[in-house]
Amino acid sequence: KGDHTGSSMFGSWLRDNCIIAYGLFLTDPDGQGCEDSKACIGAIATFLLTHESYRMELVIGGHKNVTGKDEKSWMDRPHIRFIGETGLEDTKWYNHKQND
């Protein structure tokens, strides 16, 4: 445990954890890798369902415009990172786009 308050290094990135889960499954589909992969996907699903589904519904339903022109709307986007240690939403301001 370290103090990462001045950086984004405490954040768990949604895309990166999906890739890790897929890699765990590919390298060990019948063993512990598969079990770890399922646990990782389960944690991601819990985060999305608990903290982000309402954001997704607002955007998909056309109730929120998060196209990127207005910085005030960026935190209305579904969040692409979360606090890995707790599985909670990261409320620190961030643009929540992953274009790389």
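Where is histidine 51 placed? Histidine 51 lies in helix 2. Helices are DSSP runs of H or I with at least four residues, strands are DSSP runs of E with at least two, and both are numbered from the N terminus. The structure is a predicted model, in which local features need pLDDT of at least 70 and side-chain atom pairs count only at pLDDT 80 or more, while totals for chains, interfaces and linings use all residues. Residues are numbered from 1 along each chain as its sequence is written, and side-chain values use heavy atoms, with hydrogens and water left out.

The overall fold comes first. The protein contains 2 helices and 3 strands. Along the sequence, these elements follow the pattern β-α-α-β-β. The accessible surface comes to about 6,700 Å², and carbon and sulfur atoms hold 58% of that surface. Accessible areas come from the Shrake-Rupley method with a 1.4 Å probe; for residues, only the protein chains shown count as cover. Of the 100 residues in the protein, 28% are buried. Buried means under 20% relative accessible area, exposed means over 50%, and partly exposed lies in between (1.4 Å probe, protein chains only). Contacts were also counted, a contact being heavy atoms within 4.5 Å. Among contacts in the protein with a separation of 6 or more, 42% are between residues 24 or more positions apart.

Helix 1 was examined next. Its 14 residues should span 20 Å at 1.5 Å a residue, and the end C-alpha atoms are 20 Å apart, which agrees. The expected span is 1.5 Å times one less than the number of residues. Which residues of helix 1 are buried? They are Leu14, Asn17 and Ala21. These residues lie on the same side of helix 1 because they cover an arc of only 70 degrees around the axis. The arc is that of the directions from the helix axis to the C-beta atoms. The cover over the buried residues of helix 1 includes strand 1 (11–13), helix 2 and strand 2. The other side of helix 1 carries the exposed residues Ile19, Tyr22, Leu26 and Thr27.

Alanine 21 illustrates the buried side. This residue belongs to helix 1. Alanine 21 counts as buried because its relative accessibility is 1%. Leaving out residues up to four places away in sequence, alanine 21 touches Ser37, Cys40 and Ile41. Alanine 21 and glycine 33 are 12 residues apart in sequence, and their C-alpha atoms are 8.4 Å apart in space.

Leucine 26 also lies in helix 1 (residues 14–27). Together with Tyr22 and Phe25, Leu26 forms a nonpolar patch on the surface. The three residues have about 330 Å² of accessible area together. Patches are made of residues with over 30% relative accessible area and no salt bridge; like charges are joined within 9 Å, and nonpolar side chains (Val, Leu, Ile, Met, Phe, Trp, Tyr) within 5 Å.

Charged pairs were then searched for. Side chains of opposite charge can pair when their charged atoms come close. How many salt bridges does a search of the whole structure find? The search finds 6 salt bridges. A salt bridge is a side-chain nitrogen of Lys or Arg within 4 Å of a carboxyl oxygen of Asp or Glu.

Aspartate 16 counts as partly exposed because its relative accessibility is 31%. Arginine 15 is also partly exposed, at 30%.

Lysine 64 forms another salt bridge, with aspartate 76, and their closest N and O atoms are 3.4 Å apart. This pair links distant parts of the chain, 12 residues apart, with lysine 64 and aspartate 76 each in the loop between helix 2 and strand 2 (81–83). Lysine 64 is partly exposed, at 34% relative accessible area. Aspartate 76 is partly exposed too, at 28%. Elsewhere, salt bridges that share partners join Glu52, Arg55 and Glu89 into one network.

Glutamate 52 is buried, with a relative accessible area of 0%. Arginine 55 counts as buried at 10% relative accessibility.

Histidine 51 is buried, with a relative accessible area of 19%. Leaving aside neighbours within four places in sequence, histidine 51 is in contact with Gly87, Leu88 and Glu89.
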